[in-house]
Amino acid sequence: MPTDRLSVIFSALADPTRRAILARLTEGDATVTELAEPFEISLPAISRHLKVLEGAGLIVRSRSAQWRSSSLRAEPLREATAWMDRYRQFWDVSLDRLDAHLQRLQQQAVESDVDPTPTERISP
Amino acid sequence: MTDSIATDELVIERVFDAPRELVYRAFTDPDQLAQWFGPVGFSVPRDSVDISVTVGGYQRFVMVNDDNPEWSSPVDATFTEVIENELLVGTEEFEGVPGLQGQTSMYMRLEFHDEAGGKTRLVIRQGPYTPEMEPMARAGWESSFTKLEPLLTALAG
């Protein structure tokens with residue numbers, strides 16, 4: 001079992017049904033029955049998914065037993081986003097450098113009035 | 001590539017104010033690649049770059065940390081699809097990574113699309129990011145970038 005907080009969040013998000021439930025909750029609070037509607041799985045199965053989401057802090061459930069509804073909590077998702085942003089940074093920063101490189105190349109081409117397009121093929 | 005298997009991809013798009021040929025060349029010409037690849041604080045020594053742009057060909061280079069040259073990261077990918085100025089698909093095999101069973105393969109797909117005004121839209125797809133990749137990615141729970149991102153973007157704003 002994952003123990004750190006982010007691992008719990010990501011393992012909760014790793015399931016497509018749970019992601020679909022979260023997507024539904026972005027439109028507003030919903031009961032178990034409402035959440036189960038789009039899926040061909042039982043209410044107890046949906047309840048188990050909700051328990052996982054609740055455990056990860058991704059949703060809160062109201063106490064009213066009869067119309068127990070779930071609502072979304074955005075904070076853990078922000079943590080997850082921040083983590084992924086770090087992961088993306090490699091490409092973001094590399095592509096910034098590529099952008100600068102391409103601008104430089106084209107500037108040089110303009111200055112020397114030479115077509116920057118390669119004419120020779122690399123492959124044999 | 002269909003959506004059904006795209007649940008564990010990292011997808012990055014960027015528009016460059018440069019023609020497709022130029023952007024493509026930045027990835028396939030060793031002199032070019034060495035000039036820009038890698039995050040700030042890392043460089044790619046020109047003599048480490050070896051590229052053969054054909055199906056079955058290779059793209060090899062090493063990213064070296066500027067402050068600590070011991071900290072380096074070699075890349076050794078094999079091209080599986082090549083369409084000049086349009087598409088590059090490569091795979092990389094990883095072996096003997098602690099915690100990984102046997103061999104693991106990752107792909108990287110680079111698409112070069114024309115955009116209005118002589119610009120180029122680059123689409124990078126990289127994956128799969130599966131739980132088994134944890135030791136490599138330092139944390140392996142990022143199993144759902146593609147499906148997750150619209151949701152995260154909607155919520156985190």
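View 1. Ala30(A) stands opposite Ser70(A), a residue of strand 3 of chain A. This is a predicted model, in which local features need pLDDT of at least 70 and side-chain atom pairs count only at pLDDT 80 or more, while totals for chains, interfaces and linings use all residues. Residues are numbered from 1 along each chain as its sequence is written, and chains are lettered from A and ligands numbered from 1 in the order in which they are written. Strand 1 of chain A and strand 3 (residues 69–72) of chain A run antiparallel and are joined by two bridges; strands are DSSP runs of E with at least two residues, helices are runs of H or I with at least four, and both are numbered from the N terminus. Three strands of chain A make up an open, antiparallel sheet in the order 1-3-2, where two strands pair if DSSP finds at least two bridges between them. Strand 1 (30–31) and strand 2 (59–61) of chain A are its edge strands, each pairing on one side only.

**View 2. Helix 2 against helix 4 in chain A.** Helix 2 (residues 16–25) and helix 4 (residues 43–55) of chain A pack at an angle of about 75°, and their axes are 10 Å apart; axes are lines fitted to C-alpha atoms, for helices over the stretch in contact, and angles run from 0 to 180 degrees between N-to-C directions. Helix 2 of chain A is therefore roughly perpendicular to helix 4 of chain A, a term that covers angles of 65 to 115 degrees. Thr17(A), Arg18(A) and Ile21(A) of helix 2 meet His49(A), Val52(A) and Leu53(A) of helix 4, contact being counted if C-beta atoms, placed from the backbone, lie within 7 Å.

**View 3. The largest nonpolar core.** Of the 17 residues in this core, Ile9(A), Ala12(A), Leu53(A), Leu58(A) and Ile59(A) touch the most other members. Such a core is a set of buried Ala, Val, Leu, Ile, Met, Phe, Trp, Tyr and Cys residues joined through C-beta atoms within 7 Å. Helix 1 (5–13) of chain A, helix 2, helix 3 (32–36) and helix 4 each supply at least two residues, and the largest share, four residues, comes from helix 1 of chain A.

**View 4. Helix 1 of chain B.** Seven of the nine residues of helix 1 (residues 20–28) of chain B are buried, that is, 20 or more other C-beta atoms, placed from the backbone, lie within 10 Å of their own. Among them are Arg20(B), Leu22(B) and Tyr24(B).

Terms used:
Parallel < 35°, antiparallel > 145°, perpendicular 65-115°, else oblique. Contact = placed C-beta atoms within 7 Å. Buried ≥ 20, exposed ≤ 12 C-beta atoms within 10 Å, placed from the backbone.
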